[in-house]
Amino acid sequence: MRVGHRHGETHPGRRRRSNEDAFVCTPPLFAVADGMGGAQAGEVASALAAATLAEGFQTGATEGVLHEGHIVALVQAANRRVHDRASTDITAQGMGTTMTVAYVQPNGGVTIAHVGDSRAYMLRDDRLHQLTDDHSLVAELVRRGELTPGEAEIHPQRSVITRALGTDPDVEVDSFTVAARAGDLFLLCSDGLTTMVGSETLRRLLAENRSDLRTAVRELIRAANENGGEDNITAVVFEVVDGDDPTEENVLAAAADEDTLHGETRLAEHLLGNGDTMVLRADELAAAEPTEPRAGPVQTALAALVVLALSAVVVALVVWGLAR
């Protein structure tokens, strides 16, 4: 078994200028992280968690095949890194992030590790299966029978999550391994997709575009935006097939609007270009300096007036000197 085609994209949505989502799309490892926290701290949390996961995976993969316990340990390491940053950086206090990870084992098993309300799905024989349980208040009330799924969709506290990376020094990680079959499609996504698009539409768009995963991802994001786009939207889709690893490159497409990116993300783009993952190494992220603000039109006009005034003074002095 191997990973076949894969594609991931993220979009800020229609209501938010910043994007606090991050993702990893480097076979055999995939992940989605949805950050939370004010003053762009959510963006720091998700990027830091994704970077820690990717770095830890690269180190561990050199030692052989990783098992379910290794993937859980990587998520817990990401939790500690985010928590340490939130505990020592006053601008990042209270930040956290969800994380949903998929690792494709050489034997065809797909290990899922999950914290928060991002989700993992599997499309098999045109039937969509939700693999993860949301760690959210309304999901817990539904499981207890205190809310119906319909009531949960409109509940005023539906955005409250009960488990996240970074809020505590330790975190409980849900984990399991799915026995994949050739032809299975897997979707990892943030709740910016699932709160805007129902499961039947998710199934239909994946099934209709299973031969072109770039189009599938973009159709999912388009559907979420057409239904309101109230949150950042991230989707990563990959297929499991028979055979050896393909030679095609992974594809990363980030939000097109540069204004949605703050200094740390712009630094990531500078360092990684159009690379395979939307992540920044943890040490580079910690050292990233905020981008200096650009002068606005008022400041620019004042500067021009000062230059003109100084020029006039110089001309007057030259004329006065010649007249003497």
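Helices (H or I, at least four residues) and strands (E, at least two) are DSSP runs, numbered from the N terminus. In this structure, Pro28 is found in the loop between strand 2 (21-26) and strand 3. This is a predicted model, in which local features need pLDDT of at least 70 and side-chain atom pairs count only at pLDDT 80 or more, while totals for chains, interfaces and linings use all residues. Residues are numbered from 1 along each chain as its sequence is written, and side-chain values use heavy atoms, with hydrogens and water left out.

**Backbone features**

- Most residues other than glycine have a negative phi, and most peptide bonds are trans.
- Pro27 and Pro28 are joined by a cis peptide bond, with omega at about 10 degrees.
- Asp125, although not a glycine, has a positive phi of about 55 degrees.
- The location of Asp125 is the loop between strand 7 and strand 8.

**Helix 1 and helix 2**

- Helix 1 (residues 41-61) packs against helix 2 (residues 68-88) at an angle of about 140 degrees, and their axes are 8 Å apart; axes are lines fitted to C-alpha atoms, for helices over the stretch in contact, and angles run from 0 to 180 degrees between N-to-C directions.
- Helix 1 is therefore oblique to helix 2 (angles under 35 degrees count as roughly parallel, over 145 as roughly antiparallel, 65 to 115 as roughly perpendicular and the rest as oblique).
- The contact (heavy atoms within 4.5 Å) involves residues of helix 1 including Val44, Leu48 and Phe57, and residues of helix 2 including Leu74, Arg81 and Arg85.
- The residues of this contact of helix 1 with helix 2 comprise eleven nonpolar, two polar and two charged; Ala, Val, Leu, Ile, Met, Phe, Trp, Tyr, Cys and Pro count as nonpolar, Asp, Glu, Lys and Arg as charged, and the others, Gly among them, as polar.

**Helix 6 and helix 7**

- Helix 6 (residues 199-208) and helix 7 (residues 213-226) have axes that come within 9 Å and cross at roughly 150 degrees.
- Helix 6 is therefore roughly antiparallel to helix 7.
- On the side of helix 6, Leu202, Leu205 and Leu206 meet Ala216, Glu219, Leu220 and Ala223 of helix 7.
- The residues of the contact of helix 6 with helix 7 comprise six nonpolar, no polar and one charged.

**Leu128**

- Leu128 lies in strand 8 (residues 127-130).
- Apart from neighbours within four places in sequence, Leu128 is in contact with Tyr121, Met122, Leu123, Ser199, Leu202, Arg203 and Leu206.
- Leu128 and Phe186 are separated by 58 residues in sequence and by 9.4 Å in space, C-alpha to C-alpha.

**The lining of the largest pocket**

- Strand 3 (29-36), strand 7 (119-124), helix 3 (137-143), helix 4 (149-153) and helix 5 (191-194) each supply at least two residues of the lining of the largest pocket; on a 1 Å grid over the protein atoms alone, a cavity is a set of points where a 1.4 Å probe fits but cannot get out, a pocket is an open set with protein on both sides within 12 Å along at least five of seven lines, and lining residues have an atom within 4 Å of a point.
- Helix 3 gives the most to this lining, with four residues.
- The lining of the largest pocket divides into eleven nonpolar, eleven polar and 13 charged residues.
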